[in-house]
Amino acid sequence: MRIGILTSGGDSPGMNAAIRAVVRTCVYHKIEVYGIRRGYQGMIEGDIFKMETTDVSNIIQRGGTILKTARSKEFMTEEGMQKAYDALQLHGIEGLILIGGDGTFRGAVHFFERFTVPAVGLPGTIDKDLSGTDFTIGYDTAVNTAVQAIDKIRDTAEAHDRLFVVEVMGRDAGYIALNSGIACGAEDILIPEQVTNMDDVLERIDHDEKRKKTVHIIVTAEGDDFGGSKEITQTIKDRFPDKDVRMCVLGHIQRGGSPTYADRVLASRLGYAAVEALLAGNTQVMAGIMNDKVVYTPFANVIKEEAAISDDMLEMIRVLSV
Ligand code: F6P
């Protein structure tokens, strides 16, 4: 058997560890494995090469993806998908391992509605916005990166008696904001899963002002319904013109860096599990881990459900920031 492997969409720390696990499991089973560069775009262009076990040496600790990645608009067209399928045929690829997030699985659903190629997916995204897994590869590293950055911001905020609005990534999911905010003791956390009431936010700042609590950190998800850090910062400045307010968008630093042990282990477990599933004929599913067990979820269900953040968690944030 000959299989292809690709990483697609936004890169996430741990993708390399996943590639390593897939390649090594294939080598163990004497399956040929071909790397497809730049995700679906590379598939369209036939940018495909044979991988050996040495290609994945010394990468488990590296951020980014040795296969490179892309967001391919062309793959969403009929012609693009046909070209991609033709390239797979040309290279004799009989199975696929897809590592990516929401966009990758949306692309997979469209592609496999038209073409039959056995495939197994791995959740690779910092956003943790997929169903069928408790964690996604890269999420833990991204949250830790955000925590380190926000801790540093708190140092300078404390020194200057400033209010900071810190924007973290997550697309339209609030997990990075929620958990980095809790871990850093943020005074407020704004996430898309909960409607932001700006009057409440302003009232809490006012309350802190009155009791001479000078440092105030607001962590906002980029997808928050109020509109992001710029709008929030301006609204606060308008209401408290004498307050020293700053904003910081953490941006792509959250996507890079060496993966944490948790992401390396998750990626290794899922990479191994994905190849085993493909060999067993359990295909068109994403391998995930729920309650410490490997589970497989059909591609369409991975992207279907809205992720929910529990009310208990939201209430806890309120209590702990008193
Ligand atoms: O999906 C991962 C992610 O980093 C999101 O959190 C963010 O909204 C988006 O990708 C940024 O994409 P790009 O790197 O293409 O600007």
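How many of the 14 residues of helix H1 are buried?

**Entry 1: ground rules.** I am looking at a predicted model, where local features need pLDDT of at least 70, side-chain atom pairs count only at pLDDT 80 or more, and totals for chains, interfaces and linings use all residues. I number residues from 1 along each chain as its sequence is written, and side-chain values use heavy atoms, with hydrogens and water left out.

**Entry 2: helix H1.** I found H1 at residues 15–28. Helices (H or I, at least four residues) and strands (E, at least two) are DSSP runs, numbered from the N terminus. My opening count came to 10 of 14, so H1 is mostly covered. Buried means under 20% relative accessible area, exposed over 50%, and partly exposed in between (1.4 Å probe, protein chains only). Among the buried residues I noted Met 15, Ile 19, Val 22 and Cys 26. I also checked the span: H1 reaches 20 Å from its first C-alpha to its last, close to the 20 Å expected. The expected span is 1.5 Å times one less than the number of residues.

**Entry 3: the sheet.** Next I traced an open sheet of four strands, in the order E7-E8-E6-E9, with parallel pairing. Strands E7 (188–190) and E9 (245–249) stand at the edges with a single partner strand each, so one side of each has no neighbour in the sheet. The twist averages 15° from one strand to the next. For angles, axes are lines fitted to C-alpha atoms (for helices over the stretch in contact), and angles run from 0 to 180 degrees between N-to-C directions. Two strands pair if DSSP finds at least two bridges between them.

**Entry 4: strand E6.** I then followed E6 (residues 163–168), which pairs with E9 over five bridges and with E8 (residues 216–221) over six bridges. Leu 163 stands opposite His 216 in E8 and opposite Val 245 in E9. Phe 164 stands opposite Arg 246 in E9.

Which way do the residues of E6 point? Leu 163, Val 165 and Glu 167 point one way, while Phe 164, Val 166 and Val 168 point the other way, and all are buried. I had read that side chains alternate between the two faces of the sheet in a regular strand.

**Entry 5: helix H11.** Last, I looked up Val 319, which lies in H11 (residues 311–320). Val 319 counts as partly exposed because its relative accessibility is 48%.
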